[in-house]
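I opened my notebook to go through this structure piece by piece. Here is what I looked up, in the order I ended up writing it down.

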Amino acid sequence: MFKKLLIANRGEIALRVIRTCREMGIKTIAVYSTADTESLHVKFADEAVCIGPPPSIDSYLNIPSVIAAAEITNADAIHPGYGFLSENSKFSKICAEHNIKFIGPSGDMIDKMGDKATAKTTMKKAGVPCVPGSAGLVDTLEIAIKEAKKIKYPVILKATAGGGGKGMRLAWSEDELEGAWDAARKEALAAFANNDMYLEKYIEEPRHIEIQIIGDMYGNVSHLSERDCSIQRRHQKLLEETPSPFMTKALRDKMGAAAVKAAEFIKYEGVGTVEFLVDKHKNFYFMEMNTRIQVEHPITEEVVNFDLIKEQIKVAAGEKVSGKHYFPEGHSIECRINAEDPSADFRPSPGTIVTLNKPGGLGVRIDSHIYNGYTIPPHYDSMIAKLITTARTREEAIAKMDRCLSEFVIEGIKTTIPFHKALINNEDFKAGNYTTKFMETFEYKG
Ligand code: ADP
């Protein structure tokens, strides 16, 4: 097992990894930017190294600085968390060259799955159903128009390096596709330094349902059931739950088997998530695979009663996955609490927290790095807490969430707490009746 692990991340996920390492007897090293000197992950780690100024490009994304921090502290492993360098194949390769174990797949594996157009081609070969679309990349607008005719409108233009909904445009006609082309390419170039595009059939009113998987270096792969992430705003997840209200035993078995087949085909090692779109007829299509731990992993942990980060570290150290089957029990919901003003178009609201009261009680979990007096820096993601409630039934988990959102007091900044309160009290949400289109008609009155 590893002796010293460096966490190449910040915020709640850095803290989350530190907690598991403590329980496993692994020493931790935090890295931080000068904007994060007062962060809890810096205080809670055994050692901390400053790696640069506030902009992530100069700190959390600065590979030489992160590697140097690992070398001077004698780290034998690096956990990348999510975001930042977590799906950076170059970083994974450089870690390997420095004899530091990257907690995640090899650089080659990330290359295979990180590029979305290539991933789809690979999955087709594996026999996993994919969203119909262009054969690989579309290099020019002319080719895109030709391919769109074959796929039939509506189509969605996507950046192959995409993430967080960036570089993605919907087109209902050739005119719209022409209008979307330059904007999508520009956005992708700015966000990922890569403007390669591909096309997909636009699935109308789908659900976003993903399967958590874990694989070890001996070829064993297990799935840990699904998460429904259909509640999204501008392709960004706001709330996730498991089981999906749309799920049946038969569909779970089929989707689980497809996800396992996908991971086995590429000999996947580590934790990963296979994302699917599911249409109203319960047809499901592979969309992409995330080769890292995800923000919403706690809801899975709650229903399978299992520490996913611990398992991730164990398989990276060469252990076998614990069991072939994991049986989910109960219902778990996560609300992403962001420092944003929901009544002003979710505008970021950084600043200092002057009052903080966190909810508690049976079945309540908060993964968060905030504390009373903490100043949220403006440079990073606006998520400040994940509020997770777990109960025997969906109704109970919702009632518990409602109670917790009322108890959760954060003053000094605006948060999405009141938005979530309105959301979980919406009749369609309560009935489990929603798709990825939900937020387009949901009106938050503030
Ligand atoms: P990103 O990696 O940028 O988050 P994804 O490919 O995961 O992009 O897609 C994000 C969201 O966009 C999905 O959850 C879904 O709501 C929507 N979406 C993506 N592809 C399609 C499609 N072919 N048809 C309908 N909706 C889609």
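I started with Arginine 234, which sits in the loop between β10 (221-233) and β11; helices (H or I, at least four residues) and strands (E, at least two) are DSSP runs, numbered from the N terminus. Arginine 234 isn't a glycine, yet its phi is positive, about 50°. I noted the background too: most residues other than glycine have a negative phi, and most peptide bonds are trans.

Next I looked for cis peptide bonds. One joins tyrosine 153 and proline 154, with omega about 0°. Proline 154 is in the loop between α7 (141-151) and β6. Another cis bond links threonine 242 to proline 243, omega about -5°, and proline 243 lies in the loop between β11 (236-242) and α9 (249-265).

**Ground rules**

I jotted down that this is a predicted model, where local features need pLDDT of at least 70, side-chain atom pairs count only at pLDDT 80 or more, and totals for chains, interfaces and linings use all residues. Residues are numbered from 1 along each chain as its sequence is written, and side-chain values use heavy atoms, with hydrogens and water left out.

**Domains**

I found three domains listed: domain 1 (4-103), domain 2 (132-201) and domain 3 (207-441), with bounds from an automatic or database domain assignment. The centres of domain 1 and domain 3, taken over C-alpha atoms, are 23 Å apart. Between these two, 33 residues of domain 1 are in contact with 29 of domain 3 (contact means heavy atoms within 4.5 Å).

**The ligand**

Where does the ligand lie? It lies between domain 2 and domain 3, because both give residues to the shell around it. I counted 21 surrounding residues, the closest being Gly165, Ile203, His208, Gln232 and Glu288 (near means a heavy atom within 4 Å).

Then I checked the polar contacts (pairs of N or O atoms within 3.5 Å; within protein, one must be able to donate a hydrogen and the other to accept it, and residues adjacent in sequence count only if both atoms are side-chain atoms). A ligand oxygen is 3.3 Å from a polar backbone atom of glycine 163. A ligand nitrogen is 2.9 Å from a polar backbone atom of isoleucine 203. With glutamate 275, a ligand oxygen is 3.2 Å from an N or O atom in the side chain.

Last entry: the protein covers 95% of the 560 Å² of accessible area that the ligand has on its own (Shrake-Rupley method, 1.4 Å probe).
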